[in-house]
Amino acid sequence: MKFSRVVIEAMAVELPPEVWTSAALEEKLAPLYARLKLPYGRLELMTGIRERRFWPRPIRPSEASALAGKKVMAAAGTRPEDVDLLIHSSVCRDRLEPATAAYVHGLLGLGARTQIFDVSDACLGFLNAMIVAAGLLESGQIRRALVCSGENGRPLVENTIAKLNAEETLSRNDVKPYFANLTIGAGAVAAILAREDVAGADKPHLLGGAVATDSSANRLCEGDASGDALAMRTDSEKLLAAGVALAARAWEDFCAETGWNADVPAHVVTHQVGARHTAALFERLGLDRAKDRRSFDFLGNVGSVSLPATLALARESGTIGARDKVALLGIGSGLSSLMLAVE
């Protein structure tokens with residue numbers, strides 16, 4: 001895919017105020033650790049995740065998304081009537097029907113002519129929503145789109161802690177599929193994409209990218225809801241191997257489509273799984289680790305929020321500057337990889 005007239009007008013992140021360190025989370029698992037004689041400190045050691053953030057009160061994904069949406073509209077100076085398209089793209093959603101975008105639309109006070117819908121693709125949803133919006137912008141059907149995502153991993157983490165402590169028959173082997181749950185965090189992010197002639201040529205340009213899919217890996221990470229409880233089981237070892245192999249195929253097409261290679265981007269932003277996944281990915285693709293921009297050490301894995309939030313935070317801090325080339329290397333369970341080039 002290639003785009004010639006799509007820019008990122010603004011981005012905004014909303015981070016929850018409550019911090020859970022990995023050490024504190026392990027303390028909550030004291031019954032499990034005592035029963036299986038697990039060493040404390042292993043969670044941070046194995047993942048590189050020092051802490052993650054959670055909302056201090058129950059919050060709907062639409063509420064979280066709207067917090068980031070209000071910030072990005074203020075940053076861009078965008079009026080509600082200027083938004084032609086709203087896409088909500090998180091793993092979490094308010095309910096099956098209507099689309100969570102319907103609630104975000106109301107909270108942001110958007111206009112009656114704003115098209116709304118949800119895009120869901122595990123942790124890849126935000127990038128998927130970006131290219132859907134970009135296609136409509138490129139073709140001239142819309143002028144401006146707001147893409148948002150609000151994730152709340154607290155119920156999943158709390159349910160996992162309760163389950164691991166309560167089920168006394170669990171062995172070390174039985175615990176492994178639940179380990180990835182303990183890396184999850186919460187947060188929200190939003191971006192406004194616009195046509196270049198509407199927002200101005202001085203904004204970051206979305207240039208294009210490539211995608212690769214391996215649905216034979218669609219059972220390696222599965223999550224669902226049972227009543228008010230969330231559950232997820234992950235084969236972390238197989239998912240890592242399959243994900244890196246798929247990313248290598250996507251990277252080959254990405255380079256062919258964009259004309260880039262490992263030396264071109266000044267910055268690389270990946271989905272924020274953890275230290276081990278990042279190291280394996282950079283080694284496989286031949287990328288310089290000095291170019292890595294990451295947030296998993298203080299945010300954990302925030303699903304679809306992770307990659308765009310990392311990009312937004314790096315821009316806010318000035319780490320990513322004007323005219324810098326950035327490679328966005330997304331991946332989501334299912335298994336799918338989407339890589340985008342931004343300048």
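**Exercise 1. Describe how helices α10 and α11 pack, from geometry to residue classes.**

Step 1: find the helices. In this predicted model, α10 covers residues 236–258 and α11 covers residues 275–285. Helices are DSSP runs of H or I with at least four residues, strands are runs of E with at least two, and both are numbered from the N terminus.

Step 2: take the geometry. The two axes come within 10 Å and cross at roughly 35 degrees. Axes are lines fitted to C-alpha atoms, for helices over the stretch in contact, with angles from 0 to 180 degrees between N-to-C directions.

Step 3: α10 passes α11 in a right-handed crossing. Right-handed means that the near helix is turned clockwise from the far one by less than a right angle; anticlockwise is left-handed.

Step 4: list the contact (heavy atoms within 4.5 Å). α10 supplies E237, L240, V244, A245, A247, A248 and W251, while α11 supplies R276, H277, A280, L281, R284 and L285.

Step 5: sort by class. There are nine nonpolar, one polar and three charged residues. Ala, Val, Leu, Ile, Met, Phe, Trp, Tyr, Cys and Pro count as nonpolar, Asp, Glu, Lys and Arg as charged, and the others, Gly among them, as polar.

Two notes on the model: residues are numbered from 1 along each chain as its sequence is written. Because the model is predicted, local features need pLDDT of at least 70, side-chain atom pairs count only at pLDDT 80 or more, and totals for chains, interfaces and linings use all residues, while side-chain values use heavy atoms, with hydrogens and water left out.

**Exercise 2. Classify the aromatic pairs.**

Step 1: count. The whole structure holds four aromatic pairs. Rings of Phe, Tyr and Trp (its six-membered ring) pair if their centres lie within 6.5 Å; planes under 30 degrees apart are stacked, over 60 edge-to-face, and the rest tilted.

Step 2: W20 and F54 are edge-to-face, at 4.9 Å centre to centre and 80 degrees between the planes. W20 sits in β2 (residues 18–21) and F54 in β3 (residues 51–54), so the pair ties together parts 34 residues apart in sequence. W20 is buried at 8% relative accessibility, and F54 is buried at 0%. Buried means under 20% relative accessible area, exposed over 50%, partly exposed in between (1.4 Å probe, protein chains only).

Step 3: Y33 and Y40 have ring centres 4.8 Å apart and planes at 40 degrees, so this pair is tilted. Y33 is buried at 5%; Y40 is partly exposed at 44%.

Step 4: ring pairs also link W251, F254 and W260 into a cluster.

**Exercise 3. Is helix α13 mostly covered or uncovered?**

Step 1: α13 (residues 306–316) is mostly covered, with eight of its eleven residues buried.

Step 2: the buried residues pack against β1 (6–14), α6 (125–138), β7 (186–195), β11 (267–270), β12 (292–293) and β13 (326–332).

Step 3: just after α13, G318 takes a positive phi of about 85 degrees.
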